[in-house]
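I opened this notebook to look up how the parts of one model touch each other, first inside a chain and then between chains.

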Amino acid sequence: MDKVMSNKKIIALYVLPALLLIMAIVYIPIVLTAYYGLNQWNGIGRMKFIGLDNYAALLTDGTFWKSAWHSLLLAVFSCASLIIYLAVAMVLATRIKGANLFRKIYLIPMLLSSVAIAQLWLRIYHPTNGIVNSVLESIGVANPPAWLSEPKLVLFALFIPILWQYAGFYILIYYAALKNIPASLEEAAKIDGASALQIAWKIKLPLAMEVIKVTVVLAVVGSLKYFDLIYVMTDGGPNGSSEVMASYMYHTAFRAYDFGYGSATGFFLLVICLIVTWVIRKITAAKETIQYS
Amino acid sequence: MFSKKWNVLLLTMCLALFAAGCGKSDSGTGGSASKEGTSASEKVTIKFMHLWPEGVSAGQNKIVNQIINDYQKEHENVTIKQEVLDNEQYKNKLKVLSASNELPDVGVTWAAGFLKPYVEGNLFAPIDDLLGGELKDKFVAGTTEAYAVDDKTYALPLEFNIAPIYYNKAIFKKYNLEVPQTYEQFKGILKTLSDNGVAPIALGNKDRWTGSLWYMYLADRIAGQKTLADAIGGSGSFKDAGLVQAAKEVQSLVDSNAFVKGFNGLSNEEGKAEFLNEKAAMYLMGTWELPNYTTNEEIPKEFRDNVGFFKFPTVEGGKGDINSWVGGPGVGLFVSQNSEVKEEAKAFVQYFVTKWGEQSVTGAGVIPATKVDTSALDLPPLYIDLFNEMNKASSITLFADVQMPANAAETHLNMIQALFGKAVSPEKFSEEHDKAIAKGN
Amino acid sequence: MRSEALSPSVFKSKAGLKIGYGVLYAVLTIVAALQLLPLVWLFLFSLKNNQEVFNLPPLSLPTHFRWENYEKVWSAGNISVYFLNSVWITVAASALTIILGSLTTFAMTRMKWKGSSLALGLFMVAMMIPVHSTLIPLFSIFNKVGLTDNPLSLILSYVAFNMPITIMIMLGFYYALPREVEEAAVMDGCSVNRLFFQIVLPMTSSVIATTGIINMIYNWNEFIFVNTFISSDSHKTLTVGVQNFIGQYTTDWGSIGATLMISILPILVMFLFLSNRIVEGIAAGSVKG
């Protein structure tokens, strides 16, 4: 068994194509980004090597840390929302009537591009004729806030569509994971008199644990480098109150023509992702991989 | 058997990927133009990148295609290859292309601060020889200067814009309002409108340059055109009492609810919609908006007929005069320094600019940077009036974000949004401007 | 058994059971309505002009159904070319990602070799770089090897950038595969290739369908790479059609809505089809497991 399953030639054949591809297409840009970060460069003229100056400046850049904080907040909210998605997937994975239909409908928002979602939510949040404020006014709120221009509210107002946009993605993954659990295990538990809640908690959850861990990492990394809706809906404003790391990177590199600094920001974002992911792995590694026995 | 087949398949895939990654494709998509020499009889391809997609800039797109077709007919050896992107994507792509030194032969650029890094990076070719030739004296005075660095011109402007305040005549009439001459009268209008529950001014300040127009005008009217120019140029300071006063005035407009609700979260499109929907009475915007109030059939005629304009009023005791405008040339055409068909590209630019001037007036309803005789054309009165205003302007201050270097422009725009959102004091606003401008690039 | 999956023991009585189900269905239905809204909205949006888009509340009917938006979109330029490009590039890139991703995940989770955790780490880190940081270096790479303005640049980028997330999702599923199956297979003298293609791949069909859906959606909606790497109209994809209606000073929202409606249909059909595979996959897997 071991001999067959450690055949070097086959391993190389299986892993190398994908590995070489990401080396060429993802890692070279990563390395170059780190290098650009060591330069003063507007992206057009000559590069001037300035060592770690950009990175040092980044450490004391209040705007960057503010945007890092916003990204981190998004990561926390994303992780928290995973619980809801998991619960929904659990309900859908039971064989209640119409589950199949509900599941399909729930995933529809995921099909829309960010452009469409941003346009929809801009209309929902519109200060005078948006759905939210129309409803608030009709129930007697005198002067409902302009959601996307209030510095204190804007970030949370943006979180809602972001979380909503990804709901389908996680529900889909959880659903597939739960469906992947052999039905025989559930049947056996039922015969032993376990309730639905017990089955969910004691059998399904542990078996889906690996997938759950993965989704936590996906949610965190996805949040830390999140860009799309924020860029379209507020462009990081007003006054940077919805700026996140990726939008800050974009603004410095492509708007302010400071490509060196922008690259340093991009690379720093990667480092932050690494640290956070490492911490998550440490925390979740405590539990052993569960195998069917 | 089975296993061998799969191994071979995988290996092939591996190799294919490698070949794709390492092998230089010889399909000939690489270079920026066909490599043949430049003699007139040989085939030449000129790459032309612009930002007038058919869907939304139908007028401009049609003109571009018309000009290209005519040019190709007149020059049978020349093929013009277009690439069209929307504004935002255009700017990004230009950036990426220039980092790899792969600019198109001819492209669209903005003036002053936008153009400077490209000139310093030696990517744009000087085209003064065109200005000395057929195009001599064809441009409206002051337009080509905005594209000059160290006395050499690097692009030829296509449009020229100034920014009036458009207003809704019906709303003004309803509340017995007169076009204001002074800032005091203007504030009176704001008060009347907001007391009657009408939003006085449409503004989408998510885009930031929209709010910048208001600051620029107040600065011009209070501190005077020269003080403002000096402060932006770096020889003066934004701490000048008049300029600080202008920033204060912006905040007092915000306090008096002069702008539509939530303006800092609205894009220019959304802000403008309030004006088009007759929910807001005024809108300060460039003359590129003219077609919407003159010929654009998608907008109801009753509304178009109701739109007038007035000049930004003078401020009592201020140094600015009423014929001083904020505006400037819009986009211009550059020729790439590294183009292999530079001479052909220049000839095309010259042709394009000339034809554009003739056709854009009637075809797109915008004001070209080249001189046109409007007397022979049948044009809407609003267009004529603004056209004449432009010709008697005492000075034209270039849009701040175009004028400043990219980095300082970013600071300026961010500060504008903060100023309108009352997140900075006028003093801090001035301080940050001086800092950004002193820092350069 | 079928409809009793929510075990009766949760609810004390028959009446309680009924109320429980009632509440559950009510909640499910409300959520479903909320999730369907964007599609309805998009449809209405695509039939309005700019004034109506901004002036009327999002879910109101337009005063006059502007089907001409669809006409305009369809006649503006190369929609059919874009469409075909979108289809084949999306399918090719997604299929390649899933095959390569499955192979790699299998080797990393089921086979024994020293570098497996390092390889896994490399794939994970590749997920963490923001797209805009990669544009300039990637363009210069493709430019050097002559792949700019070539659909291959898109396919390679899509495969490379979606590979990490695909592998991550697959990981969880592969970890959970019962080992006995492969042990038995290897005992029977089955080769690794045969084990992978004939036993493991069918068992993972639900994750293949899942990642397939995700990959297709991502590739279908992508536009930054298209705009950056491609310059000829003949190689552009459908997302460019949307941008055709975004201008420097104005944007034609009704037409954008119409393009979005047209572009969502194929992906919706594909989704409904692949979505069923998730269920079928279990059946196939459980027969063999």
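The entries below cover a domain contact and a chain interface.

I note that this is a predicted model, in which local features need pLDDT of at least 70, side-chain atom pairs count only at pLDDT 80 or more, and totals for chains, interfaces and linings use all residues. Residues are numbered from 1 along each chain as its sequence is written, chains are lettered from A in the order in which they are written, and side-chain values use heavy atoms, without hydrogens and water.

Entry 1, domains of chain C. I looked up the domain assignment (automatic or from a database), which gives domain 1 (8–55) and domain 2 (78–285) in chain C. Their C-alpha centres lie 31 Å apart, and nine residues of domain 1 of chain C contact nine residues of domain 2 of chain C (heavy atoms within 4.5 Å). I read about 770 Å² of buried area between these two domains, 77% of it from carbon and sulfur atoms (accessible area, 1.4 Å probe, lost on being put together, summed over both parts).

Entry 2, chains C and A. I found 104 residues of chain C in contact with 93 residues of chain A, and the area buried between the two chains is about 9,200 Å², of which carbon and sulfur atoms give 76%. On the chain C side, Gln35(C), Met128(C) and His132(C) lose the most area to chain A, together 8% of what that side buries. I also looked for salt bridges across the interface of chain C and chain A, and the rule finds zero (Lys or Arg side-chain nitrogen within 4 Å of an Asp or Glu carboxyl oxygen).
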